[in-house]
Amino acid sequence: MRSSFNLRRRLGPALLGALLAVAPAAARGQALDRAPAIAMRGEPDLPATFAGLPYANPQAPQGGQLELSLLGTFDSLNPFIVKGSAPLFIRNTVIESLMARSLDEPFTLYPLLARTVTTDAERSFVAFEIDPAARFSDGAPVTTDDVLFSFALMRDMGRPNHRLYYGKIARAEAPDAHTVRFTFIEPDPELPLIMGLMPVFRQASIDRDRFEETTLTPLIGSGPYRIGAVDAGASITLERNRDYWGRALPFNRGLHNFDRIRYFYFRDANTEFEAFKKGLVDARFEGDPGRWETGYDFPAARSGEVVREVIPTGTPKPYSAFVFNTRRPLFADRRVREALIELFDFEWLDKNFYHGLYQRTSSFFEGSALSSSGRPADARERALLAPFPDAVVPDVLAGTFRPPVSDGSGRDRERLKAALYLLDKAGWMLRQGALVNWETGRPFAFEIMVATREMERLALAYQGQLKRAGIAAQVRYVDAVQFDARRGAYDFDMMPYAWGQSLSPGNEQAFYFGSAAADTPGTRNYMGAKSPAVDAAIAALLAARDEDDYVAAARALDRVLVSGAYGVPLFHTPGQWLARWTRIERPRRASLYGTLPETWWRVPGR
């Protein structure tokens, strides 16, 4: 089964994404003997002789500089550990993996440091043949010792997701000078691909005893760029590695076209936008609908030097929410969480804050056939959920659930009445305008932690909506470093977060929502979910061997998460909002994930 561009056009991204994500078990269990590519399900789109990625331009001009911006700051150059706040772009640009993921397919890897991959039908092991041409940026060859060292380093000291995945390896070895083999504790259809995405470090450059400490010393990798100038907390420049070993690989043709990429960090979005308007930043993905609607009326935009584009995407929309930390006793009762969801007036906010440009999010797999929204549970889903009769509420099971809809007035009495009813059932009452606990008299008060002015504005609006029910919510604005530290340690009451999902959800779901992740610092189970039904749905997702089982497991997981009311669901855009100076050009054809800066180039002479 192939996820070709023509097929994507005929079926549409949502339907095709679902079909690709649930290919039959026969293809999924296919053995690979020294193959150049591997797909999670089905076959890779691209033949062994492919000349380049469909969303890249192999004839793109080379050279020049790209200047981009990020909100926040950084205090480390190591994004592979829990401590500190480090730039994620170091991954893939500086530190490469064994294989590279196409962003135009659900989950398919192509050659990078490894030129072939081997596995069996059960996927009980995976072996990679290291390309003899692969070199680190200092000229040293990439060896099997480097790969095995990197595996042990990530298993023992990496971020929790690395420790979780690599802990499933029973044995790691090098059968010969160019091959590494990983034998799994038990067969796992996804693990060969997860191992293919393992970052590879130069062993001689790593001090293992200090690897877990934050540092501004650049890592040595094998990627197309080296870290150049670093202005601590303010900017980072990537310099092209002129001797990059992988420039001629088919996967890289049309990628990494700039000689330098400089990232500027800004503490607030208004300053960041002003830098773009002045031409100090070349392009930006806009996240503020108000700015998108009214903010681009400046001379360069009027003259056509700056263009705006809405770029469709084919992946599930991110699940964005004000997340409840259910580790806090205040939010342990689902009725309390449901009440606070009732009090969020999206209709008023969208009209008054966002020019009506947003759509409400109601599913963790929004916009794909893996979503439970609008679909009643089928027999397979009901069988999966039967051992957990209280895990899914009736309207979610029936597929009729939608987040509460207000009258748009900002003072909807029916929504307020519904919220107070739920709060009363949970032991809270209004007394002299304040919501207090029936038994203790303790006021209902909590903190919303934010790190951007846009989220602060939204949180303050929500604070006003909560006040109508006597709830005292304090909005706490913190800097990016403090936000990351508190988020990673689960030291918050409520905060905004968005879970992105791929077209092929798998092992990462345990890292996002599994019970074991709830007590492990640094995971993305920010809500602290400990649900046997969630764990069972994730297990069923990983064990699925045919299309119907896979879809049923994903929808069952979605239903349990939505029923858990773990966050106040927010909203999503219809696609990417990109603004760029016309000196920067991009391929007309975008990936399923949208347009990617690594595919852009600078127009010669500009």
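In this predicted model, strands S2, S5 and S4 form, in that order, an open sheet of three strands with antiparallel pairing. Strand S2 (38–39) and strand S4 (99–101) stand at the edges with a single partner strand each, so one side of each has no neighbour in the sheet. Three bridges hold S4 against strand S5 (residues 108–111) in the antiparallel sense. Within this pairing, alanine 100 has tyrosine 110 in S5 as its bridge partner. A further contact concerns arginine 101, whose charged end sits over the ring of phenylalanine 107, 4.1 Å from the ring centre.

Strand S15 (residues 319–324) runs antiparallel to S21, and six bridges join them. Tyrosine 319 has tryptophan 499 in S21 as its bridge partner. Strand S21 (residues 494–499) is mostly covered, with five of its six residues buried.

What is phenylalanine 128 in contact with, leaving aside its neighbours within four places in sequence? The list includes Leu98, Met99, Phe182 and Met195, and also His178, Thr179 and Val180.

Aromatic rings provide another view of the structure, in which a search finds 42 aromatic pairs. Two of these pairs are set out below.

| Ring pair | Distance between centres | Angle between planes | Arrangement |
|---|---|---|---|
| Phenylalanine 273 and phenylalanine 276 | 6.4 Å | 25° | stacked |
| Phenylalanine 344 and tyrosine 462 | 5.4 Å | 70° | edge-to-face |

The pair formed by phenylalanine 273 and phenylalanine 276 counts as stacked because its planes stand at 25°, and planes under 30 degrees apart meet that description. These two residues are three apart in helix H8 (residues 269–277), which means that about one helical turn separates them. Phenylalanine 273 and phenylalanine 276 are both buried.

Is phenylalanine 344 buried or exposed? With a relative accessible area of 2%, phenylalanine 344 is buried. Tyrosine 462 is buried as well, at 0% relative accessibility.

Proline 532, by contrast, is exposed, with a relative accessible area of 54%. Proline 532 lies in helix H20 (residues 532–543). In sequence, proline 532 and alanine 391 are 141 residues apart, while in space they are 8.9 Å apart, C-alpha to C-alpha.

The protein chain averages a pLDDT of 92, and 95% of the residues score at least 70. Over residues 1–28, however, pLDDT stays under 50. For residues 1–28, the model has 65 contacts beyond four places in sequence.

Notes: Residues numbered from 1 in each chain as written. Predicted model: local features only at pLDDT ≥ 70, side-chain atom pairs only at ≥ 80, totals over all residues. Heavy atoms only, no water. Buried < 20%, exposed > 50% of the residue type's maximum accessible area, 1.4 Å probe, protein only. Helix = DSSP H or I, 4+ residues; strand = E, 2+ residues; numbered from the N terminus. Pairing = 2+ DSSP bridges. pLDDT = per-residue confidence, 0-100. Contact = heavy atoms within 4.5 Å. Phe/Tyr/Trp six-rings, centres within 6.5 Å; stacked < 30°, edge-to-face > 60°. Lys NZ or Arg CZ within 6 Å of the ring centre and 35° of its normal.
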